[in-house]
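Here's a quick briefing to read with the model open. Have a look at the structure first, then work through the notes below.

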Amino acid sequence: MAIDRTPVLKRCRALGIEPQVLGINKKSRREVSNSKKKISEYGLQLREKQKAKFIYGVLEKQFRNYFKEASNSEGISGENLLRTLESRLDNVIFRLGLARTRREARQIVGHKLVTVNGKPVNIPSYRLKAGDKIQVKEKGTESVRFKDIINLTESRLTPAWLNRDLGSLSGSVLNLPNRENIDVPINEILIVEYYSKRM
């Protein structure tokens, strides 16, 4: 599997993303360069796609498949795409405050520490539906790791489409999010424009 080893803060600077979007409470000491070089329309579209892939930790092939599915579904393609990305299990674990970052959420899921509706799931890209219940397994509830995570994330706001109970390290999906419930700094229209010329 491909791994991007570029330092996270450097990648954030290049894409114009605040590290807090990824759950990282650090600030780069370097300022984003205010280059006067004009970015082409294609460059803006490409950067927006790269931002979305980086924030959600998705590789190109999977991202393209998500877009195909979103464009073939009812509704607005860009919103459908973001809804698909938000409903991934690793993202929901992050949103519930059961992981500090989406990368850590993927690791937690991969280590089989999470159940969905009582069944263990170890696939980070598993798509959740309204009514699904997520729970950290009993062996994880007493671990120092999760206590440290909760100490850092308990003040994090939970999106309106999710319900969480940090006491039992669990949560549920009330409904799938609308665009106004998704606070990522992404202009999905540019992503739709990018793929509409290449598919």
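Which residues of strand β4 (residues 162–165) are on the covered face, and which are on the uncovered one? L162 and R164 make up the covered face, while N163 and D165 sit on the uncovered one. In a regular strand, side chains alternate between the two faces of the sheet.

This is a predicted model, where local features need pLDDT of at least 70, side-chain atom pairs count only at pLDDT 80 or more, and totals for chains, interfaces and linings use all residues. Numbering runs from 1 along each chain as its sequence is written, and side-chain values use heavy atoms, leaving out hydrogens and water.

- β4 and β5 (residues 170–173) pair antiparallel over 4 bridges; pairing takes at least two DSSP bridges, and strands are DSSP E runs of at least two residues.
- R164 has G171 as its bridge partner in β5.
- The hairpin has 4 residues between the strands, and L169 takes a positive phi near 50°.

**Q45**
- Q45 lies in helix α2 (residues 41–56); helices are DSSP H or I runs of at least four residues.
- Q45 counts as buried because its relative accessibility is 1%, with buried meaning under 20% relative accessible area (1.4 Å probe, protein chains only).
- Beyond its neighbours within four places in sequence, Q45 is in contact (heavy atoms within 4.5 Å) with L190, E193, Y194, K197 and R198.

Terms used: Buried means under 20% relative accessible area, exposed over 50%, partly exposed in between (1.4 Å probe, protein chains only).
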